[in-house]
Amino acid sequence: MDKEMRYRKFRRNVDYLVRRLQDGDEYAFAFFLDTYGKSLYFYCNSILKNSTFSEDIVQESFVTLWERRQDFMSLLPIRVFLYQTARNKCLDLLKHEQVVHKHEAALIQELSEDSLDEKMIEEEVLGEIYRAIDELPPECRRVFRLGLEGLSNQEIADSLSISINTVRTQKQRAMIVLKKRFSMGTLLVLLGMMDLFN
């Protein structure tokens with residue numbers, strides 16, 4: 001059975017997925033990594049503002065999940081465990097680096113309160129949007145990613161050696177695809193007010 005067929009089976013039968021993880025199935029573990037890894041990275045990076053440390057903590061969190069995989073009987077506790085583990089590792093890193101000034105202290109206080117559920121939802125939605133962007137046609141995806149990086153339409157056109165009209169067309173195509181999966185408000189809030197329409 002190839003990877004995509006396994007993943008389809010995991011999506012259809014969550015209990016089966018959890019059992020396979022408990023049994024040490026590396027495909028089940030890879031499914032969790034592919035499904036939640038990017039969301040967890042965004043969550044960590046929103047705390048640390050450091051991509052390297054965030055990537056390290058995501059890896060460490062998944063290693064911890066693998067080591068404790070037999071402790072979980074259903075999906076939700078696994079998701080909560082990943083976010084709590086990542087959050088705790090981020091807090092430990094902030095404390096260890098001794099960069100906890102007023103801003104960081106306020107952030108730690110906020111994270112210590114009941115904001116985890118909202119953060120989880122926001123980061124998972126952002127992860128879903130970025131997975132949807134990864135599925136766009138290649139030229140459309142390149143144009144849209146450059147827009148997310150803050151390049152103007154003219155800068156994107158110059159960078160890719162295409163016309164500015166092509167840039168606008170590709171952005172519009174991307175938005176048509178994304179709006180079928182997400183609300184416009186969600187896209188604007190999570191992706192920021194990038195220059196989508198000019």
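Me: How is the accessible surface of the protein chain divided, and what method gives its area?
Reply: In this predicted model, the accessible surface of the protein chain comes to about 11400 Å², and carbon and sulfur atoms hold 50% of it. The area comes from the Shrake-Rupley method with a 1.4 Å probe. Local features need pLDDT of at least 70 and side-chain atom pairs count only at pLDDT 80 or more, whereas totals for chains, interfaces and linings use all residues. Residues are numbered from 1 along each chain as its sequence is written, and side-chain values use heavy atoms, with hydrogens and water left out.

Me: What makes Cys44 a buried residue?
Reply: Buried means under 20% relative accessible area, exposed over 50% and partly exposed in between (1.4 Å probe, protein chains only). Cys44 has a relative accessible area of 0%, so Cys44 is buried. Cys90 is likewise buried, at 0%. Buried residues make up 39% of the 198 residues in the protein chain.

Me: What makes a set of residues a nonpolar core, and which residues have the most contacts inside the largest one?
Reply: A nonpolar core is a set of buried Ala, Val, Leu, Ile, Met, Phe, Trp, Tyr and Cys residues joined through side-chain atoms within 4.5 Å. The largest has 31 residues, and Phe62, Leu65 and Ile78 have the most contacts inside it. At least two residues of this core come from each of α1 (3–12), α2 (14–22), α3 (26–48), α4 (51–67) and α5 (75–96). The largest share, 12 residues, is supplied by α3. Apart from this core lies another, of 10 residues, among them Cys140, Phe144, Leu178 and Phe182.

Me: How many helices and strands does the protein chain have?
Reply: Helices (H or I, at least four residues) and strands (E, at least two) are DSSP runs, numbered from the N terminus. By that definition, the protein chain has 11 helices and 0 strands.

Me: Why are the buried residues of α2 said to line one face of the helix?
Reply: These residues are Leu17, Val18, Leu21 and Gln22. Seen down the axis of α2, they fall within an arc of 135 degrees, so they line one face. The arc is that of the directions from the helix axis to the C-beta atoms.
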